[in-house]
Amino acid sequence: MTKKIAVLPGDGIGPEIVAQAVKVLDALKADGLDIELEEGTIGGAGYDAAGDPLPEATLKLAREADAILLGAVGGPEYDKLDRPLRPERGLLRIRKELNLFANLRPALLYPELAEASSLKPEVVSGLDIMIVRELTGDVYFGQPRGIEERNGERVGFNTMLYSESEVRRVARVAFDIAMKRDKRLCSVEKANVLECSELWREVVLEVARDYPEVELSHMYVDNAAMQLVKWPKQFDVIVTGNIFGDILSDQASMLSGSIGMLPSASLDKDNKGMYEPIHGSAPDIAGQDKANPLATILSVAMMLRYTFADEVNAKRVEDAVKGVLAQGIRTVDIATEGCQTVACSAMGDAVVAAMRG
Ligand code: IPM
Ligand code: MG
């Protein structure tokens with residue numbers, strides 16, 4: 001059966017990086033992968049096209065698709081819009097509408113990029129962490145929320161909230177992933193201060209009973225932030241809530257040289273997924289053909305692995321990326337001495353050429 005992929009380039013550098021990932025998908029299709037791509041708008045582009053950062057047509061397209069490839073959303077021209085109309089809301093809504101609760105963010109250091117990391121090579125070499133971020137709950141979605149007047153001044157408030165079923169399902173995903181890796185899982189929260197985290201820890205401990213082989217540890221998020229730069233290789237799999245995961249995954253990306261290298265998968269309970277780079281829309285370099293498309297291309301590899309269970313093609317894409325890095329081809333964000341710096345589009349071409357071997 002033909003697999004349908006919804007392609008949502010979004011804003012800023014979104015269209016240029018997604019175009020490179022589409023080259024990779026087209027190459028796979030030419031070699032027999034049975035896929036069909038259809039484009040839709042989201043974020044600021046959705047607002048411009050239909051007055052909504054998640055247009056009805058896009059949501060329909062995404063629901064009907066087997067997988068979704070997303071670029072990035074947001075831009076300064078949309079910052080003044082009412083909150084519900086802002087690009088970020090479109091992204092949050094599509095995650096919520098499709099129940100994409102498990103966000104997998106691997107932080108992997110390619111040996112060729114050890115020099116590009118701001119940390120010492122010995123601290124980051126061999127780094128291979130999987131961050132499992134809960135994506136549809138927490139302070140991102142908790143009610144009540146708002147800005148209102150109390151006692152003659154404005155107050156802003158949000159609600160950090162997790163139900164035990166929400167914690168349980170993402171914990172299971174994380175334990176299952178740990179079982180396929182080094183069997184070590186670190187649950188990150190702030191249980192010394194927050195009730196929400198206290199429950200999180202209790203539920204993770206309950207789920208742990210079903211995974212006796214996995215070595216489970218717990219860490220407060222402030223300490224986890226420190227340990228991530230102190231000795232990141234102590235981590236195998238990290239499971240954490242939405243806001244802590246948002247912050248820690250940006251931090252972890254720097255260990256791997258550039259935020260332009262990190263892909264992600266957001267999965268529902270049946271492994272339907274949305275795949276996107278973890279970086280944003282980078283409006284400052286948009287339209288200049290110099291963004292790094294590798295995080296988006298690596299997101300295609302994750303799509304092949306997790307939604308299509310096609311390990312062979314996933315590896316083919318990842319090996320092509322490794323091959324390109326080994327050839328010394330770099331976009332400007334990961335440039336090191338003696339390498340060949342190329343544009344975004346040339347990087348896409350280089351990956352396709354490497355796939356053809
Ligand atoms: C991310 C982004 C989003 C988030 C923004 C754009 C809403 O930072 O995917 O990490 O906070 O989840
Ligand atoms: Mg983020």
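The crossing of helix H1 with helix H12 is right-handed; a crossing counts as right-handed if the near helix is turned clockwise from the far one by less than a right angle, and as left-handed if anticlockwise. Glu16, Ile17, Gln20, Lys23, Val24, Ala27, Leu28 and Ala30 of H1 touch Cys344, Ser345, Gly348, Asp349, Val351, Val352, Met355 and Arg356 of H12. Contact here means heavy atoms within 4.5 Å. The residues of this contact divide into nine nonpolar, three polar and four charged. Ala, Val, Leu, Ile, Met, Phe, Trp, Tyr, Cys and Pro count as nonpolar, Asp, Glu, Lys and Arg as charged, and the others, Gly among them, as polar.

This is a predicted model, in which local features need pLDDT of at least 70, side-chain atom pairs count only at pLDDT 80 or more, and totals for chains, interfaces and linings use all residues. Residues are numbered from 1 along each chain as its sequence is written, chains are lettered from A and ligands numbered from 1 in the order in which they are written, and side-chain values use heavy atoms, with hydrogens and water left out.

Helices (H or I, at least four residues) and strands (E, at least two) are DSSP runs, numbered from the N terminus. Axes are lines fitted to C-alpha atoms, for helices over the stretch in contact, and angles run from 0 to 180 degrees between N-to-C directions.

| Helix pair | Angle | Axis distance |
|---|---|---|
| H1 (residues 14–30) and H12 (residues 344–356) | about 20 degrees | 9 Å |
| H6 (residues 164–180) and H7 (residues 195–208) | about 50 degrees | 9 Å |
| H10 (residues 294–306) and H11 (residues 311–326) | about 160 degrees | 7 Å |

Angles under 35 degrees count as roughly parallel, over 145 as roughly antiparallel, 65 to 115 as roughly perpendicular and the rest as oblique. H1 and H12 are therefore roughly parallel.

H6 and H7 pack at about 50 degrees, which makes H6 oblique to H7. Their crossing is right-handed. From H6, the contact takes Glu164, Val167, Arg168, Val170, Ala171, Arg172 and Phe175; from H7, it takes Leu199, Trp200, Val203, Val204, Glu206, Val207 and Ala208. By class, these are 10 nonpolar, no polar and four charged residues.

H10 and H11 are roughly antiparallel. H10 passes H11 in a left-handed crossing. Leu294, Ile297, Leu298, Ala301, Leu304 and Arg305 of H10 meet Glu311, Asn313, Ala314, Lys315, Val317, Glu318, Val321 and Leu325 of H11. This contact has nine nonpolar residues, one polar and four charged.

**Two domains**

The protein chain divides into domain 1 (1–100 + 280–357) and domain 2 (102–267). These bounds come from an automatic or database domain assignment. The domain centres, taken over C-alpha atoms, are 23 Å apart. Their contact takes 21 residues from domain 1 and 27 residues from domain 2. About 2200 Å² is buried between the domains, and carbon and sulfur atoms give 66% of that area. Buried area is the accessible area (1.4 Å probe) that two parts lose on being put together, summed over both. In domain 1, Arg95, Leu100 and Met302 lose the most area to domain 2, together 26% of what that side buries.

**The loop between E5 and E6**

Most residues other than glycine have a negative phi, and most peptide bonds are trans. Asp138 has a positive phi, near 75 degrees. Asp138 lies in the loop between E5 and E6. Pro144 also has its place in the loop between strand E5 (128–134) and strand E6 (146–150). A cis peptide bond joins Gln143 and Pro144, with omega about 0 degrees.
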